[in-house]
Structures are given as C-alpha cells and as structure tokens.
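Welcome! Please take a moment with the sequence and the model below, and then read on for a short tour of some helices.

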Amino acid sequence: MNDFIEYWAAARLLLRGGNPYSAEQMLRLQSSVGWTDQRPLMMWNPPWALSVVLPFGFFSFEVGRFLWLLVNFLVVVLCIDLSWKTYGGPKRYFWLPWAVGLGFFPTLFVLRVGQITPFILLGVIGFLFFVRRERYGLASCSTILISLKPHLLYLFWMALLFWIINRKQWKMLMMIGAMLILATAVPVGFNPSIITHFFRSSLEAPP
C-alpha cells in the first residue's frame with residue numbers, strides 16, 4: 001500500500017457521485033482493496049486536484065496503481081529532460097541528467113511511495129520552460145499542477161504575484177483564475193457539493 005490508494009479511492013468515489021472527503025466512505029473503499037488501518041488515508045488536496053487523479057478511478061486498484069507508477073516515471077523523465085533544455089545543457093550529455101535524476105534516492109522514494117509530487121514538479125518545470133519562451137498561456141496552465149498542494153510552494157505564489165505586478169501580466173492572472181475554475185468544474189460536475197465537503201472536512205477533521 002502507498003499514497004496512491006488515497007487518490008484512487010477519492011477518484012473512484014467521485015465517479016460514483018460519492019464524497020472523497022468523507023473518512024467513512026474512504027475507509028470502506030480502501031478496506032475493500034486491502035487497507036488494514038482503522039483510519040483511512042485521506043486526500044487533503046483541494047477539489048481541483050481531483051481532475052488530475054480522476055482518470056485513474058476508471059481502473060481497478062491494481063491496474064490503476066501500475067498506471068500511476070508508469071505515468072509518474074514518465075513525468076519525472078520529462079521534467080529531467082525539460083530542465084536540461086531550459087538551462088542549456090549540452091545535447092551530447094542528454095544521458096547525464098537522466099542518470100543523476102533517476103539515481104537520486106528521493107526520486108526513487110517518491111515513485112515507490114506513489115506520491116503526487118512529480119506532477120507538482122512538472123508544473124514548476126513547465127512554468128519556467130514556457131515563461132522563458134514567453135508562452136504565458138501555457139505557463140498559466142502549468143500553475144494548476146503547482147497548486148495540487150498549495151502549502152508546499154506558498155513562496156512560489158508570493159513570487160508569482162510580485163512578478164505579475166512587476167510585469168503587468170494581468171492577462172496571465174486572469175488565465176490562472178480561469179484554469180482553476182475549469183479544473184474545479186470537473187469534480188463539481190460529478191458532485192455539486194464537493195467544495196462544501198472539502199471545507200467541512202478541512203475544518204472539522206483537519207490533518
């Protein structure tokens with residue numbers, strides 16, 4: 001068992017119109033696939049994060065877990081490659097960042113534990129990649145992935161706000177807002193009360 005069970009259970013419940021922020025519903029579903037703890041592994045991510053994990057809920061737990069590992073691995077490889085290109089790494093040494101990145105113990109740990117942080121890394125790398133090319137629309141889309149765990153990168157949001165004010169990138173600010181609304185609309189379509197459930201769970205039973 002690893003962190004994927006919380007994302008799979010949340011996605012599965014949402015597809016059924018359930019409440020992915022309900023401890024009772026999460027525990028019942030997680031127990032059905034082998035979770036033995038008396039408390040469920042809860043998903044504390046904001047509602048728009050459900051749009052990212054939702055596709056994995058269409059599969060059984062075993063298949064979904066394999067696909068989650070595969071997608072996370074590919075995301076890490078893509079991030080390594082984009083980082084090398086963004087900061088001008090020589091093409092003939094393309095293998096070097098892959099060897100270092102994939103041999104880095106925390107990378108292996110994240111993949112083993114099944115965390116969602118590779119997607120957040122993709123958001124950061126994607127944002128830097130597109131901003132350097134002045135593709136501000138795509139950079140705005142990247143921030144959705146960065147916001148999967150807003151508390152982890154709160155300094156980024158502060159820096160981004162100052163950067164937007166300094167560059168007068170008001171269109172980018174509106175684009176980020178529009179992307180958040182769109183990403184939130186997906187889970188709301190399955191459960192109209194999902195935002196209420198999230199805030200109620202955060203206030204009544206915080207992590």
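Which residue just after α9 takes a positive phi? Lys 168 does, with a phi of about 55°.

This is a predicted model, in which local features need pLDDT of at least 70 and side-chain atom pairs count only at pLDDT 80 or more, while totals for chains, interfaces and linings use all residues. Residues are numbered from 1 along each chain as its sequence is written, and side-chain values use heavy atoms, leaving out hydrogens and water.

**Helix α9**

α9 covers residues 154-167 and reaches 20 Å from its first C-alpha to its last, close to the 20 Å expected at 1.5 Å a residue. Phe 156, Leu 160, Trp 163 and Ile 164 are buried in α9 (under 20% relative accessible area, with a 1.4 Å probe and protein chains only). Seen down the axis of α9, these buried residues fall within an arc of 100°, so they line one face of the helix. The face turned away from them carries Tyr 154, Leu 155, Phe 162 and Asn 166, which are exposed (over 50%).

**Helices α1 and α4**

Elsewhere, helix α1 (residues 4-15) packs with helix α4 (residues 61-86) at an angle of about 120°, their axes 10 Å apart. At the meeting place, Phe 4, Ile 5, Tyr 7 and Trp 8 in α1 meet Phe 61, Gly 64, Arg 65 and Trp 68 in α4.

Notes: Helices (H or I, at least four residues) and strands (E, at least two) are DSSP runs, numbered from the N terminus. The expected span of a helix is 1.5 Å times one less than its number of residues. The arc is that of the directions from the helix axis to the C-beta atoms. Axes are lines fitted to C-alpha atoms, for helices over the stretch in contact, and angles run from 0 to 180 degrees between N-to-C directions. Contact means heavy atoms within 4.5 Å.
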